[in-house]
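Open the model in your viewer and keep the sequence beside it. This tour tells you what to select next.

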Amino acid sequence: MPETAVRELAGLAPFLPPALRGLCSAPQVLAGRPEEIRMRAGQPLHVVGSQGDGFVTADGQLTLRPEQGLSITAEDIQTAFQLVTRGSVYAWEEELRNGFVTLPGGHRVGVCGRAVVEAGRLTTLRAICGLNYRIAREVPGVARPLVPHLLLNGDLVSTLLVSPPQAGKTTMLRDLVRLASYGAPELGLRPSKVAVVDERSELSGGVGCGSSCDLGPRTDVLDGCPKSTGMVLVVRALSPQLLAVDEIGGEEDARAVLAALQAGVNVLATVHGHDLDDVSRRPGLRRLLGAGAFRRGVRLGRSGGPATVEQIWDLTGGWPSSVRSLLVAALPTDVSLAVSTRRRW
Amino acid sequence: MLKMLGAALVLAAGAGVGWQLAAALARRPQELRELQGGLALLGTEIRYAATPLALALKRASAAGPAAEQVFGAAARHLPLADGTAAALEAAVRELLVGSSLRPGDVDPLLALAPVLGASDRVDQCRHLALAAERLSVLEAEAQEARRRYTGMYRYLGLLGGAAVALLLS
């Protein structure tokens, strides 16, 4: 049974309904290295792992047949929701508006129910009928093979990590932050002061003061703050050398990233997408790429497991005039080489 | 001499019982006021600070001994109880044992138990305001009962004690 899976589940267990804790940590479930535990009222307990997915039976076995899985009741969902919100739904209003609650350790619980909309704006979710526990995974060292390709004079250059959901963006970013904060002389990386703007507490796994993930001794975490506001704030207040932010996307985010770059701070950011084509369809990101905000782009995927580096773009020459892929021999999986240049974004 | 002493003791006991009953009547509105104060503090913590319930209950317990008995106890029960409602209900049961409140006085708190912490801030504040309003009505009744019956209980105790002493002598 993988020891790390046991540890991860132990962190999540207090937020699972007591009746399901044993099942979720059954040996066969853990052996599949679960990444998501999904509960839907009236449906079987569903576990998604790195190797595939399955339904958990009443005796803790995994099956592909839904009818054999243990059926989740509305009461199970209510109990779980109470545990996840620590009996204080009102304290998670903003998070619920975004559809999830972050737990200690950076685990994220996606919430599904009946939306309450006022004046066209989602105010909250009621009648919760589905929960998706996404297990946060710290993988110390996962960014090591990538670091040499992001270095300039001993510092990490501004880099955009691109991947679809669940491909390891946050895991990779967290490890890059940790490495930058500790420094890695063997890789030629100097220690830096790092500021993390962690709007959803995913990077730091923070609850209250402090983070439950190791982000290094030179890292400041601004937790729960909207990204665009937070980036401006940390640049002004914390004088970081490196700024890390997860899942940028909007115009406001783009403006804040540019402001940070103009202040001489390198930015590590992640964004949802399959590649730069995808990313550049969003106006804010197109503006960032057009302005040459990032020196490197990295595409992550799951071809060799989560957080597999599949492609690295050299964006040094600006965008869109030159886009080159780098040969990354040291990386564990094949990395595509040639990318066409000169596109209209 | 012994008879006189016995009669004095009986008289004192009767008066004591009367004073006790009167004191309980006098404490009841005070305790109901403290509970309202606790609800107001709870509402402030929820509305303006979105303080997690365990901490909000702990802070609400500063409103007085009765508030400490119910909100403080609920905060302590919360990690062990089977949900928020169970924690508050257990605390209310304890409150009834150690206070001058009548069973009907805690109905607003029992009605609050299933919804406490289970909705957004606006909704929580509505429920808290409703509970406080119901407590306020009960407090007005308790004040009236105090005004009308405090003196009566004292005199009844004293006179009852005197009557028993006379009958025994």
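The stops below go from whole chains to single side chains.

**Before you start**

This is a predicted model: local features need pLDDT of at least 70, side-chain atom pairs count only at pLDDT 80 or more, and totals for chains, interfaces and linings use all residues. Residues are numbered from 1 along each chain as its sequence is written, chains are lettered from A and ligands numbered from 1 in the order in which they are written, and side-chain values use heavy atoms, with hydrogens and water left out.

**Stop 1: chain A**

Select chain A. It has 10 helices and 17 strands. Helices (H or I, at least four residues) and strands (E, at least two) are DSSP runs, numbered from the N terminus. Of its 345 residues, 51% count as buried. Buried means under 20% relative accessible area, exposed over 50%, partly exposed in between (1.4 Å probe, protein chains only).

**Stop 2: A:Glu35**

Now pick A:Glu35, in strand S1 (residues 34–40) of chain A. Is A:Glu35 buried or exposed? A:Glu35 counts as buried because its relative accessibility is 6%. Its side chain makes a polar contact with the side chain of A:Arg302, at 3.1 Å. A polar contact is a pair of N or O atoms within 3.5 Å; within protein, one must be able to donate a hydrogen and the other to accept it, and residues adjacent in sequence count only if both atoms are side-chain atoms. Leaving aside neighbours within four places in sequence, A:Glu35 is in contact (heavy atoms within 4.5 Å) with residues including A:Val48, A:Tyr133 and A:Pro306.

**Stop 3**

A salt bridge is a side-chain nitrogen of Lys or Arg within 4 Å of a carboxyl oxygen of Asp or Glu. The count over all chains is 23.

Select A:Arg287 and A:Glu251. They form a salt bridge, 3.6 Å from N to O. A:Arg287 lies in helix H10 (residues 283–290) and A:Glu251 in helix H8 (residues 251–262) of chain A, so the pair ties together parts 36 residues apart in sequence. A:Arg287 is partly exposed, at 36% relative accessibility.

Next, show A:Glu310 and A:Arg299. Their salt bridge is 3.5 Å, N to O. A:Glu310 sits in strand S16 (residues 308–314) and A:Arg299 in strand S15 (residues 296–301) of chain A. A:Glu310 counts as buried, at 15% relative accessibility.

**Stop 3: chain B**

Switch to chain B. It has 6 helices and 0 strands. Buried residues make up 41% of its 169 residues.

**Stop 4: where the chains meet**

Show both chains. The area buried between them is about 920 Å². Buried area is the accessible area (1.4 Å probe) that two parts lose on being put together, summed over both. In chain B, B:Gly117, B:Asp120 and B:Arg121 lose the most area to chain A, together 39% of what that side buries.

The rule finds 2 salt bridges across this interface. Zoom in on B:Asp120 and A:Arg126: they form a salt bridge, with the closest N and O atoms 3.2 Å apart.

**Last stop: a network**

Select A:Glu93, A:Glu94, A:Arg97 and B:Arg121. They are linked in a network of salt bridges. Within it, A:Arg97 and A:Glu93 have their closest N and O atoms 3.5 Å apart. These two are 4 residues apart in helix H5 (residues 93–98) of chain A, so about one helical turn separates them.
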